[in-house]
Amino acid sequence: MSDSLLDVHIKHTLQTVHGKMPMEIALSLPKGRILAITGPSGAGKTTLLRQIAGLLTPETGKITFGNQVWLDSAAQGSVAPQLRNIGFVFQDYALFPHLTVEENLLFGLPKGSDRSIVDDLLNATELSNLAIRKPNQLSGGQQQRVALARALVRKPDLLLLDEPFAALDYDMRYHLQDMLLKFHRQHNLTMILVTHDIGEIFRLADQVAIIENGKIFRQGTPAEVYANEQSKTEDFVIFGEVLSCIKQADQLLVSALVENKVRQLTLPLNLAPEMIPGNTFTLHYPMDVARVTLIRH
Ligand SMILES: Nc1ncnc2c1ncn2[C@@H]1O[C@H](COP(=O)(O)OP(=O)(O)OP(=O)(O)O)[C@@H](O)[C@H]1O
């Protein structure tokens with residue numbers, strides 16, 4: 001893609017419990033776009049992020065970012081991770097245990113920079129009251145918010161997020177997704193997000209790539225990718241996230257986030273137990289036999 005900022009072509013051998021699995025990925029990402037990576041456990045999603053960050057060197061490949069060559073195995077060249085100006089939010093938070101929340105953020109701040117961004121991010125992630133705590137005095141969700149704020153402190157050129165909101169409850173997840181979108185708009189941030197959450201993919205991502213067994217199995221906009229899935233069943237399927245639900249006469253009026261738009265759905269009353277704000281659902285049409293499959297509570 002001519003306007004791409006990030007270009008990745010890598011080959012690697014994954015060592016899985018079932019033996020060796022060849023990994024081969026090619027992807028491009030234009031500046032300011034958000035790519036979601038999804039797929040089953042063990043498919044190679046985290047490994048790909050680690051390769052892009054420079055924490056793991058693929059056996060062969062080339063990774064370019066703008067006019068920088070981050071990796072070129074043919075030329076035996078590689079740019080060290082700390083020189084790639086990447087923000088990385090790991091699945092396991094990876095905070096400095098001996099530093100407070102505030103110190104964890106200050107650590108990431110380039111020398112001489114205005115520290116007001118630290119206070120802004122502490123506020124935005126609702127961590128100001130916890131600023132003097134150490135990571136072992138925080139819940140998993142709070143630690144994840146620190147990890148997110150720390151990754152944003154240096155205004156990275158590329159933000160890599162490995163299931164950043166998986167440990168959070170619905171309200172906090174929604175709030176942090178909004179914060180991330182705001183930050184993304186302000187700084188035209190380019191992001192890759194690993195997630196299993198289809199609602200999150202529709203809300204945040206411009207593109208989604210499904211990785212299976214070390215290869216991109218399908219790629220496109222969320223609507224394209226999940227529309228393809230529908231054709232297999234010959235059903236019309238929509239994915240959504242419930243925002244609100246009220247009973248009216250003998251039906252339910254549901255406000256849902258569907259393909260990044262708020263839609264009003266009129267559904268049968270028997271679906272009431274599923275239509276709780278925060279639930280993600282798929283609806284299979286035709287509506288007279290509508291059934292709801294919950295992906296996640
Ligand atoms: N450095 C490595 N070299 C070779 N194989 C690896 C390496 N790190 C992990 N693997 C293996 O590669 C496979 C993919 O792991 P990875 O962590 O990338 O999966 P994932 O898609 O992120 O899964 P999950 O959704 O569970 O986090 C696993 O079988 C893992 O054991």
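Let's start with N85, which counts as partly exposed, because it has 14 C-beta neighbours inside 10 Å. Keep in mind that we're looking at a predicted model here. You'll find N85 in the loop between β6 and β7. Its phi is positive, about 40°, although N85 is not a glycine.

Now hop over to Q76, which sits in the loop between β5, residues 68–72, and β6, residues 77–78. Q76 also isn't a glycine, and its phi is positive too, near 55°. So is Q76 buried or exposed? Q76 has 7 C-beta neighbours inside 10 Å, so it counts as exposed.

Okay, let's zoom out. The protein chain has seven helices and 16 strands. Of its 297 residues, 37% count as buried. If you take the contacts in the chain with a separation of 6 or more, 60% of them are between residues 24 or more positions apart.

How is the chain divided up into domains? The domain assignment gives domain 1, made of 4–85 plus 156–226, and domain 2, which is 235–296. Taken over C-alpha atoms, the centres of domain 1 and domain 2 are 30 Å apart.

In soluble globular proteins, nonpolar side chains tend to be buried together. In our model, the largest nonpolar core has 64 residues, and the ones touching the most other members are A36, A149, L160 and L193. Which helix gives this core its largest share? That's α4, residues 140–153, with seven residues. There's another core lying apart from that one, with seven residues, including V242 and M275.

Let's stay with α4 for a while. This helix has 14 residues, and from its first C-alpha to its last it reaches 20 Å, close to the 20 Å expected at 1.5 Å a residue. Why do we say α4 is largely enclosed by the rest of the structure? Because twelve of its 14 residues are buried. Among those buried residues are Q142, V146, A149, R150 and V153. And what's doing the covering? The list includes the helices α2 (101–108), α3 (116–124) and α5 (170–187), along with the strands β7 (86–89) and β8 (158–162). After α4 comes K155, with a positive phi near 40°.

Take A149: not counting residues up to four places away in sequence, A149 touches L105, L121, L122, T125 and L127.

Then there's R150, also in helix α4. R150 has 27 other C-beta atoms within 10 Å, so it is buried; the cut-off for that is 20 or more. Which residues is R150 in contact with, leaving aside neighbours within four places in sequence? They are N104, L105 and G108. N104 is 46 residues away from R150 along the chain, and yet their C-alpha atoms are separated by 6.7 Å. L105, by the way, turned up in the contacts of A149 as well.

Now a stop on strand β10, residues 207–212, where we find A209. A209 counts as buried, because it has 22 C-beta neighbours inside 10 Å. Setting aside residues up to four places away in sequence, A209 touches L27, L35, I37, I216 and Q219.

T47 takes us to the last topic, the ligand. Who surrounds it? The residues are L14, Q15, T16, S41, G42, A43, G44, K45, T46, T47 and L56. What kinds of residues make up this shell? Three are nonpolar, seven are polar and one is charged. Both β1 (4–16) and α1 (45–53) supply at least two residues of the shell.

Let's finish on α1. Its buried residues are K45, T47, L48, L49, Q51 and I52. K45 and T47 were in the ligand's surroundings too. Following α1 is G54, and its phi is positive, near 90°.

Methods:
Residues are numbered from 1 along each chain as its sequence is written. This is a predicted model: local features need pLDDT of at least 70, side-chain atom pairs count only at pLDDT 80 or more; totals for chains, interfaces and linings use all residues. A residue is near a molecule or strand if its C-beta atom, placed from the backbone, lies within 6 Å of it. Helices (H or I, at least four residues) and strands (E, at least two) are DSSP runs, numbered from the N terminus. Ala, Val, Leu, Ile, Met, Phe, Trp, Tyr, Cys and Pro count as nonpolar, Asp, Glu, Lys and Arg as charged, and the others, Gly among them, as polar. A nonpolar core is a set of buried Ala, Val, Leu, Ile, Met, Phe, Trp, Tyr and Cys residues joined through C-beta atoms within 7 Å. Two residues are in contact if their C-beta atoms, placed from the backbone, lie within 7 Å. Domain bounds come from an automatic or database domain assignment. The expected span of a helix is 1.5 Å times one less than its number of residues.
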